[in-house]
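Please look over the model shown below, and then work through the questions and answers that follow it.

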Amino acid sequence: MIQQKMEKGLIVNSKKYFSNDIFNGFSGDQLQEEMRRFQETLLLPQLRYCYQSSDFYRKRFDGVGAKPEDIRTLEALRNLPIFMTKEDERQSVLESLERHNHPFGTHLCARVEDIYLTGTTSGTTGMPTFTYTFTKNDMDLISPGLAHRFAFNGVGRGDRILFIFPLGIYATTMTLWGLRILKALPIDIDARAGSELMLKYADLTKPNYMFCTPSLAEYLIQKAPLIIGKDVGDLKLKGLMLTGEIGASIPELKRKLEEAYGCRVYDYWAPAGHVIGISCDADDYFGMHGTSPDLCTSYEDLVDPHSKKPVPIEDGAVGEMVITSLKREAVPLIKYAYGDTVQIFTKPCPNCGFPGKRIKIIGRSDDMLVIKGVNVYPAAIKEVVSSFVPKVTGEMRIVLGQPPPRVIPPLKIKVEQGMEMNAQGLKGLADQIIQTIHDRLRISPLIEWVGPGSLEKSTRKTPVFEKTYETS
Ligand SMILES: [Zn+2]
């Protein structure tokens, strides 16, 4: 029975299955053992398919002296070297443009004419890669997963969803397939339309959920009274679903948004249609719950961001997530270290009892700084600074005088002071913030105060660094 549910991509996907069905009689450990066995049944067929269908993967296997038949267990997969990074993926795209006149990469395993949906990420630098490329079978497989994590938090038939992201060729578009499966109605507005149009449509269409980036949700708090003469709380949303950058996991930001909107804030994630997860209904944050472990092995495969050596999977472990697809046709990913560092939780969720694995995004591996041998992520610094709201606005930048990751101490951060703060108060406040950062992260930064509102706000992804060195 458990296997049938997994094959439909429905594992742990809604409260119904969660409480009444699939987990009856399974404890966390038993369930994880079942999942491992199930993933291993899908692994070898996927690896064989990639080896037979793509030069890229054949070369990668041959390059490390392995055959798909050697990789029958998750343990063997974990010990396999990384096959692809973002840069390798770009190279693969350049090669396929040159050799085959398409941008899907030489790791494309399906025929070009069978591609049904394609998408790329929006906010990153460098040449776009079409990692979100799917056949019809791929979409049929992942759409229930994309859907049911939202059902996990109550989204369903009749819900109207204001869905604000860059649309069309972008990654977020795939989520619309999931929402329609739930018989919810997405009202999709391109994020480039501007806040005036977004808020006017919010006022007109009376949505009960809003999906957007944390930056945009925060920005609209101030804009709403000016544009529609109402507070965002008057929209009476049932939930705010955030993705695209770290947000709901920062306690102060979660609290600020929940107070302003008068509803629960969740974050969700599905890089390249894998690792599908969502946070649960709680005042505190317990990570994104991995609701579709039948689609990839990412919750079982972490590496050190620098050495790319395997990190043991245990409760609280931190590492860069490695994607290996299961049952994917168009552009399956094998041992893809795509650059997000996460913390993994293997114990059942203390809030809702969810027995699968959970993750918290720590930051981009590229953003990791090394200060006197200590690994520091900007998100961790932002979390500390934000805990001092309203004495600070929560907005900040890390000033880098040379290319990361290595920083010559002290690390310099610009922090926006709160509206009510005076010069006398700032000195003591800086000391408190530095002390807290030192206690939690073992570094002592230098704080430069800037006026409230002086750091530029973005409705997309707010930059974390201010680079004072020459960038090419
Ligand atoms: Zn939970």
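Q: What is the spacing in sequence of the donor residues of the zinc ion?
A: In this predicted model, the zinc ion is coordinated by C280 through SG, H289 through NE2, C349 through SG and C352 through SG. Read along the sequence, these donor residues of the zinc ion follow the spacing C-x8-H-x59-C-x2-C.

Q: Which arrangement do the four donor atoms around the zinc ion make?
A: The donors C280 (SG), H289 (NE2), C349 (SG) and C352 (SG) lie at 2.1 to 2.3 Å from the zinc ion. Four donors count as tetrahedral if all angles lie between 85 and 135 degrees. Because the angles subtended by the four donor atoms around the zinc ion are 98 to 118°, the arrangement is tetrahedral.

Q: In which helix do R37 and E33 both lie?
A: The side chains of R37 and E33 meet in a salt bridge, at 3.9 Å from N to O. R37 counts as partly exposed, with 47% relative accessibility, and E33 also counts as partly exposed, with 31%. The two residues are four apart, about one turn of the helix, and both lie in helix α3 (residues 28–53).

Q: How many residues apart are E69 and R48?
A: E69 and R48 form a salt bridge in which the closest N and O atoms are 2.7 Å apart. This pair links distant parts of the chain, since E69 is in the loop between α4 (55–63) and α5 (74–79) whereas R48 is in helix α3, and the two are 21 residues apart.

Q: Why does D190 count as partly exposed?
A: D190 forms a salt bridge with R192, and the closest N and O atoms are 2.6 Å apart. R192 counts as partly exposed at 48% relative accessibility. Partly exposed is the class between buried, under 20%, and exposed, over 50%. D190 therefore counts as partly exposed because its relative accessibility is 21%.

Q: Which residues are linked in a network of salt bridges?
A: A search of the whole structure finds 35 salt bridges. Beyond pairs such as R192 with D190, there is a network of salt bridges that links K254, E258, R264, D281 and D283.

Methods: Residues are numbered from 1 along each chain as its sequence is written. This is a predicted model: local features need pLDDT of at least 70, side-chain atom pairs count only at pLDDT 80 or more; totals for chains, interfaces and linings use all residues. Side-chain values use heavy atoms; hydrogens and water are left out. A salt bridge is a side-chain nitrogen of Lys or Arg within 4 Å of a carboxyl oxygen of Asp or Glu. Buried means under 20% relative accessible area, exposed over 50%, partly exposed in between (1.4 Å probe, protein chains only). Donors are N, O and S atoms within 2.8 Å of the metal (3.2 Å for Na, K and Ca); water is not among the atoms, so sites may look incomplete. Four donors count as tetrahedral if all angles lie between 85 and 135 degrees; four count as square planar and six as octahedral if opposite donors are over 155 degrees apart and all others between 65 and 115; anything else is irregular.
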